[in-house]
Amino acid sequence: MIDKAPTKKRIIVLVIVLVSVICSWVCFYYFTSFGKAEKARRLMDDGKYLQAKEIFETVDSNRYYLEIEKCENLHYEKLVNQKKYEDARAFLTTVIGASTTCDRCRECDYQIAEKKFNEGKYAEVIDTYKSLGKYKESKNRYRECRYQLALVKFENGELEEAQREFTDLINYKDTDALAREAKSLIIYNKAVKCIEDKDYVTAVEKFEEIKGFKDSKKYLKKYKKKAVKQLYKKEKYSACADFGKKYFIYTKYYYESCYEYGMHLYRQGSGKKALSYLKDAEKTHPEVSGIVAEIELDQKYKAGVEAAQSGNLEKAIQIFSETSGYKDSASWKSRCNTALRYVGVFECYSYKIYQENGTVSDLPTEGGYGNPSYLRVSASIDKNMNITYYGNGVRIEQGSTVGYYHKYGEGTDNSTVDIANKKMTTQFLHSNGTNDALYVYLFR
């Protein structure tokens, strides 16, 4: 009979050994690098990328760098697909140390900003769009943020800042019109404040800038005359007269100011400046008519002197004819008539040559030997009515003999110019200083 006890024992031992082997394998699987790597891969399959990444880094980051990079990319894509852009942005910079200017960071920033932009949180995203520059629609979004924030300032009464923003955003939507409206409101509010402070002059000046805005015309109609009166009462006659003329406020205070200031200028010797004020003052002060006529005559006389001194002799003669009898108008007219005979350019049209042997040649300027057609005498007048003469560019003192180099001569020739008779004579000299031929030129 066979003993079965040992066989049973062997089976038990075998089971124990088998269990030990399995346990050892399990321990090896889970507690060795191979096992850990396998566990990380299973976590990746389950979408737990950060846990898998941590295991790969613990086991051997150099050996599993590709797996680590894949975990990072998959985790980023997972967050983006879930539209968790803020988490994705934080993951990129704080976990994997990506540059803030990398494409994925810019995309996250853009998407975060887009969400807030659509919620109307313009102040929170304006700087983000500005930093993103030309990325996607960032430039247009940035301008829209500025526009929306400027509208808020406009509605809140922060007009100066709103105007600056609208002005900077020129040609964007209706910013041009809004900038003008903001500016007009600023001026309008200041003008109303001036009315409250009883500064009617400044108020009118400001309402004049925007007289088509709101009820500015109503204020102008009410306070224009008060502004002129205010200046007159303060004895600011110059300001009152200028203010009234500028804004067409012709009240009795305007005319009185014109009289006071005009007479002040006249007494100071400023007749030209006083004239316009006194002419207006004639409406209420007819006694100044004589002064006005005197100033006008004097101004006309001075215009004649100025015309004469600038060489406009014909105009000067006409003016001095009109001011005949006033000061030295007759003397000026005579001098101008005299100067008119001489001032200008005279061309040589004929000349005679007196040779040493007594031969006389009478020649026109056209053609032939010794053609002197190049000769020209000119005369001009200065502001002191002094006439200056030039012969071919050389200054000539009338009635005197001057050195004059003739292009056909070999040395210095003596020339005498008689402007009144439009004649010039040139005595050519031999090298030894004795006289050679004598030329006589006629001009017209």
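How many helices and strands does the secondary structure of the protein chain come to? The chain has 18 helices and 9 strands, where helices (H or I, at least four residues) and strands (E, at least two) are DSSP runs numbered from the N terminus. The model is predicted, so local features need pLDDT of at least 70 and side-chain atom pairs count only at pLDDT 80 or more, whereas totals for chains, interfaces and linings use all residues. Residues are numbered from 1 along each chain as its sequence is written, and side-chain values use heavy atoms, with hydrogens and water left out.

Of the 444 residues in the protein chain, 37% are buried (under 20% relative accessible area; exposed is over 50% and partly exposed in between, with a 1.4 Å probe and protein chains only). Among contacts (heavy atoms within 4.5 Å) with a separation of 6 or more, 38% are between residues 24 or more positions apart.

Helix α3 (residues 49-60) and helix α4 (residues 65-81) have axes that come within 9 Å and cross at roughly 165 degrees. Axes are lines fitted to C-alpha atoms, for helices over the stretch in contact, and angles run from 0 to 180 degrees between N-to-C directions. The angle makes α3 roughly antiparallel to α4 (over 145 degrees; under 35 is roughly parallel, 65 to 115 roughly perpendicular and the rest oblique). The crossing of α3 past α4 is left-handed, that is, the near helix is turned anticlockwise from the far one by less than a right angle, clockwise being right-handed. On the α3 side, Y49, L50, A52, K53, F56 and E57 meet E67, I68, C71, E72, L74, H75 and K78 of α4. The residues of this contact comprise 7 nonpolar, 1 polar and 5 charged (nonpolar: Ala, Val, Leu, Ile, Met, Phe, Trp, Tyr, Cys and Pro; charged: Asp, Glu, Lys and Arg; polar: the others, Gly among them).

Helix α9 (residues 159-168) packs against α10 at about 155 degrees, with the axes 8 Å apart. The two helices are therefore roughly antiparallel to each other, and α9 passes α10 in a left-handed crossing. Residues L159, E160, Q163, F166 and T167 of α9 contact T175, L178, A179, A182, K183, L185, I186 and N189 of α10. This contact divides into 7 nonpolar, 4 polar and 2 charged residues.

Helix α10 (residues 175-196) also contains S184, which is buried at a relative accessible area of 15%. Leaving aside residues up to four places away in sequence, S184 touches I210 and F213.
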